[in-house]
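Please brief me on this chain: its layout, its core and the parts to treat with care.

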Amino acid sequence: MLSILEVKKITEGYSRPVVEGEAYYESGLLFGVGLIEKKGTVLRCQGLAVQTSATSGKPHEIDVEIDLKLEVGNRITSLKCSCIAGLSSKCKHAVATVLWLTRHAEEDLSDVSCTDLEQQWGKLKTSGKPLLEGCRLTELCHFKQIKRAEVQVPEETRKKWADILTKCKFYN
Ligand SMILES: [Zn+2]
């Protein structure tokens with residue numbers, strides 16, 4: 001939904017943040033990006049990123065504001081990450097989040113329906129499941145899958161999903 005030019009813009013032409021952000025993205029440490037609010041052409045999104053220094057800690061939150069009516073390469077109006085380096089907006093989490101947005105469509109954004117991240121994170125932590133072992137974004141109630149158009153899913157895939165879902169129970 002975003003052009004790669006947005007990455008160029010936020011990293012101000014420096015390649016190091018791009019390299020680090022891409023490596024972070026490729027390693028699957030970004031849970032995903034959700035949509036908090038959409039008002040006209042303005043979208044407020046949030047990414048959740050594992051802390052590489054403390055993988056069981058609360059994830060970093062990356063807040064991105066996009067205005068789709070602005071010129072390509074200038075559509076990010078605000079970008080912040082909760083990590084120490086985050087205020088510069090060039091941290092790897094912020095870059096990874098923007099990269100995600102360049103590689104996904106708007107429909108791929110999860111619906112951020114519950115704002116109490118702290119609480120959800122606590123539940124996830126106490127569940128004892130190793131965080132980096134295939135934890136899916138939708139397993140945090142923080143993110144809920146937006147309803148999609150009807151698609152045909154093969155029986156085999158369906159079974160696989162059911163398997164995944166029943167193996168991970170984080171709440172109740
Ligand atoms: Zn960061």
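The points below go from the whole chain to single elements and residues.

This is a predicted model, in which local features need pLDDT of at least 70 and side-chain atom pairs count only at pLDDT 80 or more, while totals for chains, interfaces and linings use all residues. Residues are numbered from 1 along each chain as its sequence is written. The chain has five helices and six strands. Helices (H or I, at least four residues) and strands (E, at least two) are DSSP runs, numbered from the N terminus.

**Overall layout**

- From the N terminus, the order of elements is α-α-β-β-β-β-α-β-α-β-α.
- Of the 172 residues in the chain, 30% are buried. A residue is buried if 20 or more other C-beta atoms lie within 10 Å of its own, exposed if 12 or fewer, and partly exposed in between; C-beta atoms are placed from the backbone.
- Among contacts with a separation of 6 or more, 60% link residues 24 or more positions apart. Two residues are in contact if their C-beta atoms, placed from the backbone, lie within 7 Å.

**Confidence**

- The mean pLDDT of the chain is 77, and 63% of its residues reach 70 or more. pLDDT is the predictor's confidence in each residue, from 0 to 100.
- Residues 128-136 have a pLDDT below 50; this stretch has seven contacts in the model beyond near neighbours in sequence.
- Residues 168-172 also have a pLDDT below 50, with eight contacts in the model beyond near neighbours in sequence.

**Strand β3 and its partners**

- Strand β2 (residues 42-49) and β3 run antiparallel and are joined by eight bridges. Two strands pair if DSSP finds at least two bridges between them.
- Leu48 stands opposite Glu61 in β3.
- β3 also runs antiparallel to strand β4 (residues 76-81), with five bridges.
- Here Ile66 stands opposite Ile76 in β4.
- In a regular strand the side chains alternate between the two faces of the sheet.

**Asp63**

- Asp63 lies in strand β3 (residues 60-67).
- Asp63 counts as partly exposed because 17 other C-beta atoms lie within 10 Å.
- Asp63 touches Gln46 and Lys80, leaving aside residues up to four places away in sequence.
- Cys45 is 18 residues from Asp63 along the chain, yet their C-alpha atoms are separated by 5.9 Å.

**The largest nonpolar core**

- This core has 30 residues, of which Leu30, Ala49, Val95, Ala96 and Val98 touch the most other members. A nonpolar core is a set of buried Ala, Val, Leu, Ile, Met, Phe, Trp, Tyr and Cys residues joined through C-beta atoms within 7 Å.
- Two or more residues each come from α1 (5-10), α2 (16-26), β1 (30-39), β2, β3, β4 and α3 (92-103).
- α3 gives the largest share, seven residues.
- Ala49 touches Leu29, Leu30, Phe31, Pro59, His60, Ile62, His93 and Ala96, not counting residues up to four places away in sequence.

**Helix α3**

- Ten of the twelve residues of α3 are buried, so the helix is mostly covered.
- The buried residues include Lys92, His93, Trp100 and Leu101.
- Their cover includes α1, α2, β1, β2, β3 and β4.
- At 1.5 Å a residue, the twelve residues of α3 should span 16 Å, and the end C-alpha atoms are 16 Å apart, which agrees. The expected span is 1.5 Å times one less than the number of residues.

**Helix α2 and its flanks**

- Pro17, Val18, Gly21, Tyr24 and Tyr25 are buried in α2.
- These buried residues fall within an arc of 130° seen down the helix axis, so they line one face of α2. The arc is that of the directions from the helix axis to the C-beta atoms.
- Arg16 and Glu26 are exposed on the other side of α2.
- The buried residues of α2 pack against α1, β1 and α3.
- Gly28, which follows α2, has a positive phi near 75°.
- Glu12 sits in the loop between α1 and α2.
- Glu12 is exposed because it has 10 C-beta neighbours inside 10 Å.
- Most residues other than glycine have a negative phi.
- Glu12 is not a glycine, yet its phi is positive, at about 50°.
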